[in-house]
Structure formats: C-alpha cells, structure tokens
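Look at the model first, then read on.

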Amino acid sequence: MPKIELGYWPIRGLGAPARMLCEYAGADYADVNYADAGSWFAGKKPELASGNALINLPYVECDGQVVTHSSVVLEFLGQVTGVDAFASEDHRWANAQALAEIYDLRNALMGVVYPFNGKTTTKEAFEKNCDDHMNATVGKFYAKFETLLKQRGMEFLIRDAPSSADFHLFEMLDQHEIIANRRGMKSPLETFPELKRYHANFKALPQLEKYFASAAYALPMNSIGGGAWIY
Ligand SMILES: N[C@@H](CCC(=O)N[C@@H](CS)C(=O)NCC(=O)O)C(=O)O
C-alpha cells in the first residue's frame, strides 16, 4: 500500500472519517494537522494549489496525486487501501449516494454549530437552533438511514464490512450522541434500533480500538478558534 499524507485541522470535523478509514485499513499514513491558519493558508495551501486549484482541507497526497473534498477523499482512500473493493456497481453507487446524503446531514449540523450562515450568531440562537436540529432535522435523516439499513439487510451500509461511507455516517452519529449528551437530551439513536446497533457495531470494530483510545478521537468536533458554539 503506498504512503499517504492526510491533511486537516486538529479537529474531528471532516478529518475524522478519513483518519478512521486509514486506521481501519492499517494504512501507512501521516496525519498532518495544521495547528494555525497561517501554516495552512500561507504555507501548504499555496504549494498544493499550484497543482490542484480546488485544494481544501481535508486533502490526501498519495503517489504524486493530490485529492481534496472530503467525500472524494474517502472514496480515494477506499480505493487505494482496498477498503472499497466493491464486488458490484450496486455497491459503488450505493456508497456514493450514502456519502452525499451524509454530507447533507453534516451541512445541516454545520449551520447550527458555526455562526457562518448568519442564523446561529448568539448563544440563545445556538440553543434554539441546536434543539430544533436535534428534535426535527436529525430524525428525518436518521429515518432514511434506518430504512436503508433494513432495505440492504447488511451489518454496515453497503456490505457486512465497512465501506468508505460508513466512516462518515459513524462520525455523524457519534457527534450527535455527544451533542445530545452535552445538552442533556435523550440519544437520537433511541428510536432507531438499526442505527443504534450500527453505531455500536462500528464502535466495537477491533481495527479501530487503538483509534478510539487515541488523541485523534479526543479532538474537538468543531473549531473553537473558528467560532464553534459546541466542540
Ligand atoms: N466541501 C468541502 C468543504 C471543505 C471545508 O470547508 N474545509 C474547511 C474545514 S471543514 C476549511 O477550513 N478549509 C480550508 C480552506 O478553505 O482552505 C469538503 O467536503 O471537504
């Protein structure tokens, strides 16, 4: 397996799924965390932008190739590590669709935890928007994933082993568990038995035992310096 460099901020954010995939695959990878804005925006970013105008965080550098955008990063890692050694086109497209749906959930959450969209600019607005998100939006997404798991009848989204999309779905479920816990709310998984089983099975994967005990799993979910209301 070729050596991989994975670049991101020192937060879980969009980096955690890629870190988990590398750990799960036993990849030879460097988890490069840019400690401050300058080291990325005035450092590595312009260097990588000279070869890839779309460059962003997260990115992966592998065998002379630089790939960015978190869902594509996951698909790329799935391919180079063999995690996504899909047996059929059905698997490939089911995985790609799941990645897109999970990204929609992630974007809905970002509108709540960061002030950038102009809706969550005060602590009071955060509390209201967060509760609305947890009580209404999350259930709509979870119902889709619950049904998808039943429709496909597998242990994970696509097959009985994790595929690249599973790493982002687990991360989203796990972040929502943490938020519910911090805000004294009941677990959003309680009414979704398949998803609850899925979250527990993923967390119990022996290949990820080291990761769940590591500093990477203990990183803040969102950027404190970036103005996140919850991290
Ligand atoms: N759609 C992109 C979003 C990337 C993004 O917004 N990255 C944020 C961190 S989550 C960032 O700070 N990027 C650094 C930059 O703009 O150069 C993805 O899925 O990767």
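Predicted model: local features only at pLDDT ≥ 70, side-chain atom pairs only at ≥ 80, totals over all residues.

Is Glu127 buried, partly exposed or exposed? Glu127 is partly exposed, because its relative accessibility is 29%.

**Salt bridges**

The salt-bridge count comes to 16. Three of them are set out below.

| Pair | Closest N and O atoms |
|---|---|
| Arg12 and Glu171 | 2.9 Å |
| Glu127 and Lys123 | 2.8 Å |
| Glu194 and Arg197 | 2.9 Å |

Arg12 and Glu171 link distant parts of the chain, 159 residues apart. Arg12 sits in the loop between strand E1 (4-8) and helix H1 (16-25), while Glu171 belongs to helix H6 (residues 164-182). Arg12 counts as buried, because its relative accessibility of 2% falls under 20%. Glu171 is buried too, with a relative accessible area of 0%.

Glu127 and Lys123 are four residues apart in helix H5 (residues 123-152), so about one helical turn separates them. Glu194 and Arg197 are three residues apart in helix H7 (residues 193-203), which again means a separation of about one helical turn. Glu194 is partly exposed at 23% relative accessibility. Arg197 is partly exposed at 25%. Elsewhere, salt bridges with shared partners join Glu5, Lys44, Glu47 and Glu61 into one network.

**The ligand site**

Which residues are closest to the ligand? They are Trp9, Trp40, Lys45, Asn56 and Ser70, out of 13 residues that surround the ligand. Trp40 places a polar side-chain atom 2.7 Å from a ligand oxygen. In the side chain of Asn56, an N or O atom is 2.6 Å from a ligand nitrogen. For His69, a side-chain N or O atom lies 3.1 Å from a nitrogen atom of the ligand. On its own the ligand has 510 Å² of accessible area, and the protein covers 75% of this.

**Backbone geometry**

Most residues other than glycine have a negative phi, and most peptide bonds are trans.

His69 has a positive phi of about 80°, although it is not a glycine. This residue lies in the loop between E4 and helix H3 (70-81). His69 is partly exposed, with a relative accessible area of 44%.

Asp63 is also not a glycine, yet has a positive phi of about 55°. The loop between E3 and strand E4 (65-68) holds Asp63. Asp63 is exposed, because its relative accessible area of 68% is over 50%. Beyond its neighbours within four places in sequence, Asp63 is in contact with Pro2 and Lys3. Leu219 is 156 residues from Asp63 in sequence and 28 Å away in space, C-alpha to C-alpha.

The peptide bond between Leu57 and Pro58 is cis, with omega about 10°. Pro58 is in the loop between helix H2 (37-49) and strand E3 (59-62).

**A buried asparagine and the annotated domain**

Asn95 is part of helix H4 (residues 89-113). Its relative accessibility is 1%, so Asn95 counts as buried. Not counting residues up to four places away in sequence, Asn95 touches Glu75, Asp84, Phe86, Ile158, Ser163, Ser164 and Ala165.

An unreviewed UniProt entry places the feature "domain: GST N-terminal" at residues 2-85. Over residues 2-85 the chain is 42% helix and 21% strand. The end C-alpha atoms of this stretch are 16 Å apart.

How values were computed: Residues numbered from 1 in each chain as written. Heavy atoms only, no water. Helix = DSSP H or I, 4+ residues; strand = E, 2+ residues; numbered from the N terminus. Buried < 20%, exposed > 50% of the residue type's maximum accessible area, 1.4 Å probe, protein only. Contact = heavy atoms within 4.5 Å. UniProt positions renumbered as here; feature names shortened; annotations may be inferred. Near = heavy atom within 4 Å. Polar contact = N/O pair within 3.5 Å; in protein donor to acceptor, adjacent residues only side chain to side chain. Areas by Shrake-Rupley, 256 points an atom, 1.4 Å probe, with all protein chains shown as cover. Salt bridge = Lys/Arg side-chain N within 4 Å of Asp/Glu carboxyl O.
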